[in-house]
Amino acid sequence: MRKQFIFYWLMLTAGGLLAQPPAGNYNANSRFEQLGASLPTPNTTRTASGAPGKDFWQQRADYDIKAELDDEKRKITGTETITYFNNSPDELKYVWLQLDQNLFEKSSINATSQNNSIQNQMSSNAVTGLNAPSSVRGSVAGDFSFKITSVKDPKTGQPLKHTINGTMMRIELPVGIKTGQSYAFSVDWNYFINEYYGRAGYEFFPKDGNTNYFIAHWFPRMCVYDDVNGWQHKQFLGQGEFTLTFGNYKVALTVPNDHIVGATGELQNAAQVLTSEQQKRMEKAKTATRPVLIVSQEEAEKAEKNKPTGKKTWIYKAENVRDFAFATSRKFIWDAMQIDQAGKKVMCMSLYSKEGNPLWGQYSTMVVAHTIRSYSKYSVDYPYPVAYSCHASGGGMEYPMISFNGGRPEADGTYSEGTKYGMIGVIIHEVGHNFFPMIVNSDERQWGWMDEGLNTFVQYLAEKEWDKDYPTRRGEPQFIVDYMKQDAKNLVPIMTSSDNIMLYGPNAYAKPATALNILRETVMGRELFDYAFKEYARRWAFKNPTPADFFRTMEDASGVDLDWFWKGWFYGTEAVDQDLVEVEWFALDTQNPEINKAEAKKQAEAKRNTVARQRDKDYIKESVVDKNPDMKDFYNTYDPYKVTEADKKKYDTYLASLNPDERKLVESGVNFYTLKVKNKGGLPMPVIVKMQFEDGTDSVARFPAEIWRLNDQNVSKVITSKKKVVQWTLDPYREIADIDEESNSFPRQPAQPTKFQLFKSQGFQRGPNPMREAQQSQQPKAGQQGGAKN
Ligand SMILES: [Zn+2]
């Protein structure tokens, strides 16, 4: 129903336009207050703008590693010399190293802190795994933890006192390392390799008796010592990955001489480990536009049937990396294709056994190349000379320049759409981790979202660039709705320590990726967002950012106050649920008596049209007044809705009082709509509303989240439109993750009906009928003798 209102000239003056909180509606809220004390106090190491400060420092650790794989025993034996550079302002009396393999100790926190219970039905794996470390449930029993056989000063040969505390080891130094000094020490170790558990391990193929190895977390690695935590030696519980110190690596890997190896870094002795034919093919790959096979499937299958005749040592060098991993097997097919990334040559490569084909040969290396180009655009240019994607049995895990990825076709070479896109997605994701956190070195032991969330967000962008119709799993606001709707007891803020997060996938990957996508598309716009996001990557490439550095940089570089957004999406667990309570419709009263009196007449007539009056028309044949005309007077013919001369005069006087602009407005016939929107979910977001007009066209109006700053529960907003609106819809393109769409339309639209099926009685039996099944199984099966014909 359109209501009229009188045009009051003061409304158009400046005073009238000043925002006034609706009287009695003020609802004080802190949602738009600054984060303030929730963020650490800025200093000269980390500035208030979110950048590394003038006194920023970080440690460096160089590694010289020699290791050998025993393929028979599935065992790694290694020795390393770590040169540790102390750039901190503090003298260090001891250093801490990470012993991730100790995750598999029966006494580890991971194993002993699992909550579990007995179910009515349990698999044997679940039973044997009841008190095993969660990551190795169902794995072959064995001692996979590190055996540290020596810790010493290589110069003096003196052993160094060391203490193992779970997945951490403290080494006491003969003298403290002073600021600006370095100290070298060496560690010898060995361990039995566990079955692949999603991060590292072996995969055995019973059909040909060979094993693929994906080796990571395989040597004692330096903990980070920084200005935020001192030593970051939070125990490895399995979920919170790790954070590491940059340095240079020289690694010599001795493996059976029929193995093909891929690793972090550049191969230094190709002439010794590759055949001349393989080297020639590698040359070809430098100018190829499609992957070139360095080892073909035929060659790999031939190698599967042979035995090694000795050993080979593959030597790698990697500069400015935070970790080192490798893959090795005689089963590997190997392809390569070099790309040019901003003047830097990057050899994109894949290692996969025949079980991965045809998917891996067709896609893997092409996806690696695409990922490097796409991520470089949104963050920083890929700085490393190689990038590998290796085909492990499942999941996906990242290391510098190399990742282990799942996605395997059926044995007959067919595969589902889900397998195909799952594989491409996981390769983009894991290769993408080169940027977050292998270059932008965030601390995943503490903040899972800083690398998983940011990476999943860029993965979303890269997937769309691979194929506009890519069935992306995470990043679209509508896909996070089910998680946001969860019972509060299942929800923790994104800003939760990695190991304490429930529903890790939605919390650390999907929700932050979605939040960034919403920032880019709905809150900031692509231009402001992309500049700020790239600035964050540029500032923190090869450095270790914290959440505050990210939050501050995004605001600093864009000029957009996002504290309300960080509070709502990263520090809170509330959902978005906007309710379009009602839309009131108004029109300016023109005060034209010709229009107003005609309308009033129409309304009065409608009111008089009562059921009694309709029936009396025939029921009362002739009224007293009809029968006796002398009973009539002036009022029997008086029409109060007739426009009089006095009416016309009054109207002319009114028009004369208006200036031309005011007159134009009065005569425009424009519609005024007051939208009443309720914030039912709690998380304030922009209000986006689509107007469907009477003439079939539509238009979208957008209001920033600040619309809620004076009242975080109810807002009222006037929209003017020349065209008449027949339907209003909030969030028409599903961009703010509203968890209840039914309350988004006015007038309310009937939801899709819940379908129910017509039940067709199957006879009178209750429950299954084993008697009939038994009888049927005894009868000869007619169609079976002529062979399958379907
Ligand atoms: Zn990841």
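How many salt bridges are counted between domain 2 and domain 3? The count is one. The points below take that contact apart; the model is predicted.

1. Layout. The chain divides into domain 1 (60–113 + 136–245), domain 2 (260–439), domain 3 (448–573), domain 4 (578–583 + 669–746) and domain 5 (590–667).

2. Spacing and extent. Between the C-alpha centres of domain 2 and domain 3 there are 28 Å. Domain 2 puts 25 residues into the contact, and domain 3 puts in 27 residues.

3. Buried area. Together, domain 2 and domain 3 bury about 2,300 Å². Carbon and sulfur atoms account for 64% of that area. On the domain 2 side, look at Tyr378, Tyr421 and Phe436. They provide 31% of the area that domain 2 buries against domain 3.

4. Charged and polar pairing. A salt bridge joins the side chains of Glu465 and Lys377, at 2.5 Å from N to O. Polar contacts between domain 2 and domain 3 come to 18 residue pairs, with both residues at pLDDT 80 or more.

5. Elements on the domain 2 side. Helix 7 (359–378) and helix 8 (417–432) are the elements that give two or more residues to the side touching domain 3. Helix 7 has the largest share, at nine residues.

6. Composition. The side of domain 2 that touches domain 3 has 14 nonpolar residues, nine polar and two charged.

Terms used
Residues are numbered from 1 along each chain as its sequence is written. This is a predicted model: local features need pLDDT of at least 70, side-chain atom pairs count only at pLDDT 80 or more; totals for chains, interfaces and linings use all residues. Side-chain values use heavy atoms; hydrogens and water are left out. Domain bounds come from an automatic or database domain assignment. Contact means heavy atoms within 4.5 Å. Buried area is the accessible area (1.4 Å probe) that two parts lose on being put together, summed over both. A salt bridge is a side-chain nitrogen of Lys or Arg within 4 Å of a carboxyl oxygen of Asp or Glu. A polar contact is a pair of N or O atoms within 3.5 Å; within protein, one must be able to donate a hydrogen and the other to accept it, and residues adjacent in sequence count only if both atoms are side-chain atoms. Helices (H or I, at least four residues) and strands (E, at least two) are DSSP runs, numbered from the N terminus. Ala, Val, Leu, Ile, Met, Phe, Trp, Tyr, Cys and Pro count as nonpolar, Asp, Glu, Lys and Arg as charged, and the others, Gly among them, as polar.
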